[in-house]
Amino acid sequence: MLRTLGIETSCDETAVAILDRDGRVEVNLLSSQIAAHAPFGGVVPELASREHLKALPILVKRAVELAEGPIELVAVTAGPGLVGALLVGVRFAAAFAWGSSLPLVAVDHLEGHLVSPFLDLGGGRARAEPERVLALVASGGHSSWYLLENGTRRRLGQTRDDAAGESFDKVAQVLDVGYPGGPALDALARRGDATAVALPRPRLKDAPLDFSFSGLKSAAIRWIREQGLAGSGDIGQTAVVDFAASFEAAVVGQLLGPLDELAAKHVPQLVSAAGGVSANTLLRERLAAWGNDRGVEILLPVRALTTDNAAMIAHAGRSGIVTGTAMIRGGSMPGRERPGSRPACGHR
Ligand code: KG4
Ligand code: ZN
């Protein structure tokens with residue numbers, strides 16, 4: 001495979017990485033915009049684009065300096081994501097590839113998350129994907145189970161409404177305990193009693209492999225308001241930490257609800273999880289325990305690769321041109337149209 005420069009600007013992280021021919025992560029740079037968006041309690045699209053414009057040229061220059069050999073391919077996230085933010089990355093990548101006479105490959109952001117568990121940040125090669133993998137992607141905008149089989153991807157079940165990360169973010173915002181909400185609630189939950197607050201965990205009768213977070217989110221917000229905890233930001237209160245633990249358990253319960261049925265049906269060699277929410281402590285523990293009980297290997301990305309990063313984009317790009325699933329510009333390699341995607345940071 002080719003030494004690949006990856007560029008990711010779909011949401012609120014400007015990221016640039018280089019993977020060598022064996023998929024070793026040579027360079028992995030990230031400029032987080034969390035501080036810029038934090039005062040607004042969520043991502044402000046125009047601000048995101050402007051921050052990408054500032055950071056991207058600096059990161060690419062630095063990455064090229066750190067590369068251990070000549071770059072042979074440029075891979076860039078082409079969607080889904082914020083349109084303006086994506087445009088910054090795609091146009092920059094196109095100009096860089098053109099100026100360096102390199103092929104350019106467009107990568108689906110979700111494909112990036114799907115391949116992220118196979119990467120090592122300790123200097124090891126990228127691991128090959130086994131024949132059949134059950135893969136959960138749970139992020140700020142997306143919550144779905146996939147079957148990865150012999151290089152193909154099939155979505156098996158998904159959220160009907162909000163994404164898991166979005167639910168964490170919204171509830172944390174109402175409580176005023178920090179942004180982004182996932183890591184904030186995760187930290188609080190470690191001190192709380194998950195059985196303290198009863199929250200609904202609806203299963204959809206007509207679609208048992210799908211899940212829903214909107215009822216849970218509304219019930220959680222109602223409970224916060226009823227208890228007079230809205231905007232309190234009081235992370236020392238027992239009620240707040242107990243609530244955080246109960247809410248986390250309910251979200252994780254929703255995400256893992258379809259796992260038994262999916263595993264029985266598809267008999268995977270491996271179960272993986274990726275996306276920002278795969279950093280969640282309880283989700284990691286529950287998956288590890290599940291794998292232990294069933295004798296199925298669980299593979300999670302290293303924490304630094306759970307949230308958006310460019311190493312996963314470079315890996316998806318370099319693998320895609322081998323399987324022929326990538327969309328190529330500027331090179332002579334075969335390409336295929338990327339399926340349509342919705343323009344939103346919350347890439348559902
Ligand atoms: O994958 P990601 O960086 O961005 C998207 O592609 O959306 O995921 C960000 C999401 C945020 O909603 C954040 O609150 C959530 O991942 N997240 C977590 C944790 N760390 C990040 N959710 C629960 N527990 C965590 N430890
Ligand atoms: Zn993402």
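For the first stop, a donor is an N, O or S atom within 2.8 Å of the metal, and water is not among the atoms, so a site may look incomplete. Keep in mind that this is a predicted model.

Select the zinc ion (ligand 2). Around it you'll find His109 (NE2), His113 (NE2) and Asp308 (OD), coordinating at 2.0 to 2.1 Å. The four donor atoms make angles of 93 to 135°, and the site is tetrahedral. Along the sequence, the donor residues follow the spacing H-x3-H-x194-D.

Buried or exposed, what is His113? It's buried, at a relative accessible area of 0%. Asp308 is buried too, at 12%.

Next, pick Trp145, Leu185, Leu199, Phe243, Phe247, Leu255 and Val271: they have the most contacts inside the largest nonpolar core, which has 52 residues. Color helix α8 (residues 238-256), the top contributor to this core with twelve residues. A separate core of 20 residues includes Ile71, Val76, Val88 and Ala94.

Zoom in on Val271. Leaving aside residues up to four places away in sequence, its contacts include Leu134, Trp145, Trp290 and Ile298.

Last, color by pLDDT. The chain average is 91, and 94% of the residues score at least 70. Residues 331-344 fall below 50, yet the stretch has 29 contacts in the model beyond near neighbours in sequence.

How values were computed. Residues numbered from 1 in each chain as written. Chains lettered and ligands numbered in written order. Predicted model: local features only at pLDDT ≥ 70, side-chain atom pairs only at ≥ 80, totals over all residues. Heavy atoms only, no water. Core = buried A, V, L, I, M, F, W, Y, C linked by side-chain atoms within 4.5 Å. Buried < 20%, exposed > 50% of the residue type's maximum accessible area, 1.4 Å probe, protein only. Helix = DSSP H or I, 4+ residues; strand = E, 2+ residues; numbered from the N terminus. Contact = heavy atoms within 4.5 Å. pLDDT = per-residue confidence, 0-100. Donors = N, O, S within 2.8 Å, 3.2 Å for Na, K, Ca; no water. Tetrahedral: all angles 85-135°; square planar, octahedral: opposite > 155°, others 65-115°.
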